[in-house]
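Please keep the sequence and the model in view while reading.

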Amino acid sequence: MELSHDFIENYPLYEPKPGEEYMSPEMLEHFKNKLLAWKKQLIWEASNTVNHLKSDSSTPADPNDRASQEEEFALELRTRDRERKLISKIDKSLRDIEDGEYGFCQMSGEPIGLARMEARPTATLTVEMKTKQEMREKQGIA
């Protein structure tokens, strides 16, 4: 199955039923499936990168071509490294679903909110707490 590069961006949004409680079993199942699809996409992209690096590994004779190729490979590897870290966040979110902690702020315990979770399924802080955290980081308080 080939996934398009923007597969996760096109994943359907969850439509809560009237009166449905936040992070109901159905909502959790939606996010679990969304996270698994995202992880599958990232693994697929990593596999394509490995194949690309293997197939294009011949070294061009021209120094400029060689430099361009090395820069392209370095960029791909940096991107995959960021995605590897994202897979770790996805795995943490999947564990949070199993532990009943998914969708709730790690700092305040408040619901993060459906809209934020749809936009960023690995979010662990409410917008307010994330803003406070970023302000502390800028001030060097961490």
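The largest pocket has a volume of about 230 Å³. A pocket is here an open set of points on a 1 Å grid over the protein atoms alone, where a 1.4 Å probe fits and protein lies on both sides within 12 Å along at least five of seven lines; lining residues have an atom within 4 Å of a point. Grid points are joined across faces, edges and corners, and the volume is the space filled by probe spheres set on the points. Rolling a probe the size of a water molecule over the atoms shows where empty space is left.

This is a predicted model, in which local features need pLDDT of at least 70 and side-chain atom pairs count only at pLDDT 80 or more, while totals for chains, interfaces and linings use all residues. Residues are numbered from 1 along each chain as its sequence is written, and side-chain values use heavy atoms, with hydrogens and water left out.

Which residues lie nearest the centre of the largest pocket? They are Ile8, Trp38, Ala119, Arg120 and Pro121, out of 13 residues in the lining. Helix H1 (25–55), helix H2 (63–99) and helix H3 (114–119) are the elements that each give two or more residues to this lining. Helices (H or I, at least four residues) and strands (E, at least two) are DSSP runs, numbered from the N terminus. By class, the lining of the largest pocket has 7 nonpolar, 1 polar and 5 charged residues. In this scheme Ala, Val, Leu, Ile, Met, Phe, Trp, Tyr, Cys and Pro count as nonpolar, Asp, Glu, Lys and Arg as charged, and the others, Gly among them, as polar.

The second largest pocket has a volume of about 190 Å³. Among the residues that line the second largest pocket are Lys89, Lys92, Ser93, Arg116, Arg120, Thr122, Thr124 and Lys130. H2 and helix H4 (127–138) are the elements that give two or more residues to this lining, and the largest share, 3 residues, comes from H2. The class count for the second largest pocket is 2 nonpolar, 5 polar and 5 charged residues.

The chain as a whole can now be considered. The protein chain has 4 helices and 0 strands, and its pattern along the sequence reads α-α-α-α. Of its 142 residues, 31% count as buried, where buried means under 20% relative accessible area, exposed over 50%, and partly exposed in between (1.4 Å probe, protein chains only). Among contacts with a separation of 6 or more, 55% join residues 24 or more positions apart; contact means heavy atoms within 4.5 Å. The accessible surface of the protein chain comes to about 9400 Å², of which 53% belongs to carbon and sulfur atoms. Accessible areas come from the Shrake-Rupley method with a 1.4 Å probe, and for residues only the protein chains shown count as cover.

In an unreviewed entry, UniProt lists residues 100–128 as "domain: Zinc finger DksA/TraR C4-type". Over residues 100–128 the chain is 28% helix and 0% strand, with the end C-alpha atoms 22 Å apart. UniProt also lists residues 105–129 for "zinc finger region: dksA C4-type", again in an unreviewed entry; over residues 105–129 the chain is 36% helix and 0% strand, and the end C-alpha atoms are 8 Å apart. UniProt positions are given in the numbering used here, feature names are shortened, and annotations may be inferred rather than shown by experiment.

Individual residues complete the picture. Leaving aside its neighbours within four places in sequence, Lys34 is in contact with Ile8, Tyr11, Glu118 and Pro121. Ser93, found in helix H2, is buried at a relative accessible area of 2%. Beyond its neighbours within four places in sequence, Ser93 is in contact with Leu35, Tyr102, Pro121 and Thr122. The C-alpha atoms of Ser93 and Thr124, 31 residues apart along the chain, are separated by 8.4 Å.

Met23 lies in the segment before H1 and is buried, with a relative accessible area of 7%. Phi of Met23 is near 55°, a positive value in a residue other than glycine. Most residues other than glycine have a negative phi. Ala115, in helix H3, is exposed, with a relative accessible area of 65%. The C-alpha atoms of Ala115 and Leu13 are separated by 9.0 Å, although these residues are 102 residues apart along the chain.
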